[in-house]
Structures are given as C-alpha cells and as structure tokens.
Amino acid sequence: MKLLIVEDEPKVAAFLNQGLSEQGFETDVVYDGQMGLKMAQRNSYDIILLDIIIPYINGIELCKSIKEVHPNVPIIMLTALGTTDDKLTGFDAGADDYLVKPFEFKELLARIRALLKRSTGQISVSNKIKVADLELDLDKKRASRNEKVIELTAKEFSLLEYLMRHKGRVISRSEIAEHVWEVTFDTGTNVVDVYVNLLRKKVDKDFDTKLIHTKIGSGYILNAE
C-alpha cells in the first residue's frame, strides 16, 4: 500500500513515516500543500494523511483539489483543529476521516485499515444504491433521480448514502451525527436539520413523490411512501 503524508511539522512527519513504514506501507512525505498537490497529481496513492495548517495551500483547499483528480482516494485529516465546526469543514471538503492531534498511533492505524477495507471492498461489491427512482453511484460519487443528475457536496452525498442504506427506518439526529460526521450530537446545534433540509431541496423539490420525511420528535426517514 502506498501512502502520502502531508505534514509540515518535521517531528510529526518523521513519527508517522517511521511507524507506517514499520507496518509495511510505502510512504512519501512532503511538508507543504503545493508539493502535496504535485505528488497527488503525479502518483496513485491508496490513502493520504493531510494536515490542515500547512504552507502555500492549506489542507482544506488541498483536499478539495485532490478529490477533483482522485475522488475515490481516502483522505484522513490530522490536525489540532478539533471543534465541531472544524470537523464539518473538513468533511465538507471531502475528507473521509478526521483525527485530532494528539492521537495514539494505534488509533490512526485502525482508521487507515478501516478506510482501506471500505475503499477496496465495499464499493466493489455494491457500487450503486437505489430507492425508487433515486440512485447513488458510489464509484462516481454521483446522485441522480429519474436519470437527472443531482449536484451534492461530499457531506450531502454521505448523508444521503446513510439515509438510503437505512431506508424505511427512522433515524435520530444523534445517530446521523455520529455516523455521518463522526461527532457526538450537540443538542444546541441544528447542523443535522440544516443538511437534511438542503438535501431535501435537491432530492425532493422537483418531484411529486417525496422521499425524505421528518418524524417529529424522532428524526428522519427515507422511503417512497
């Protein structure tokens, strides 16, 4: 497995490089966003580890640029920025996982293995999900309804995928937050409601049959009834 590390702190980069090399990974290490982009464009990686606060091109913009070229490459953001808003920004940029510094190496290794298993296994088994006339193509990261393409952000796509995989079941806001954003649900924020409403406008607005429904006091459900 080939892995790219984009990290501007030499000690952290050396720590990651040594630990992952000992685990059998072939690693490339760069120290700024500009070089990270060049390496990602020139090479094919199985996974990318990316800091956010790095010179020239920050990690958020770099993540977006990499995903435009290689939409299916898993990206884990490693950063000291650990608020819920920081995590949401990272996921919206296309990150597949988000780990806050300081972290234990064994946790990072577990996250890497989980993403590699998902990217090399799950999609190849079932690369499309369909509910009524709504379809998700997991390979192309494309949503469509009645063959009309729906433009979604990375997080909207993940939210829709989760709802479709659990079609017919009421899903609470806390479950959505924990599985889609991987954060503990904060009752003081309406981020889940905001994203569901954004998704509903794109998925249901122009169609007679509504698929995303609110269950007052319980959460949301996706079905064709």
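1. In which hand, right-handed or left-handed, does α6 pass α7? In this predicted model, the crossing of α6 past α7 is right-handed. Helix α6 covers residues 154–165 and helix α7 covers residues 173–181, and their axes come within 10 Å and cross at roughly 120 degrees. The two helices, α6 and α7, are therefore oblique to each other.

2. As for the residues that make this contact, K155, S158, L159, Y162 and L163 on the α6 side meet E175, I176, H179, V180 and W181 on the α7 side. Sorted by class, the contact of α6 with α7 comprises six nonpolar, two polar and two charged residues.

3. Helix α6 also has a contact with helix α8, which covers residues 191–203; the axes of α6 and α8 come within 10 Å and cross at roughly 85 degrees, and that makes α6 roughly perpendicular to α8. Here K155, E156, L159, L160 and L163 of α6 meet Y195, V196, L198, L199, K202 and V203 of α8, and by class the contact of α6 with α8 has eight nonpolar, no polar and three charged residues.

4. W181 deserves a separate look: leaving aside residues up to four places away in sequence, W181 touches L88, F91, K155, I176, V191, V192 and Y195. W181 is also one of the α7 residues in the contact with α6.

Key. Residues are numbered from 1 along each chain as its sequence is written. This is a predicted model: local features need pLDDT of at least 70, side-chain atom pairs count only at pLDDT 80 or more; totals for chains, interfaces and linings use all residues. Side-chain values use heavy atoms; hydrogens and water are left out. Axes are lines fitted to C-alpha atoms, for helices over the stretch in contact, and angles run from 0 to 180 degrees between N-to-C directions. Helices (H or I, at least four residues) and strands (E, at least two) are DSSP runs, numbered from the N terminus. Angles under 35 degrees count as roughly parallel, over 145 as roughly antiparallel, 65 to 115 as roughly perpendicular and the rest as oblique. A crossing is left-handed if the near helix is turned anticlockwise from the far one by less than a right angle, and right-handed if clockwise. Contact means heavy atoms within 4.5 Å. Ala, Val, Leu, Ile, Met, Phe, Trp, Tyr, Cys and Pro count as nonpolar, Asp, Glu, Lys and Arg as charged, and the others, Gly among them, as polar.
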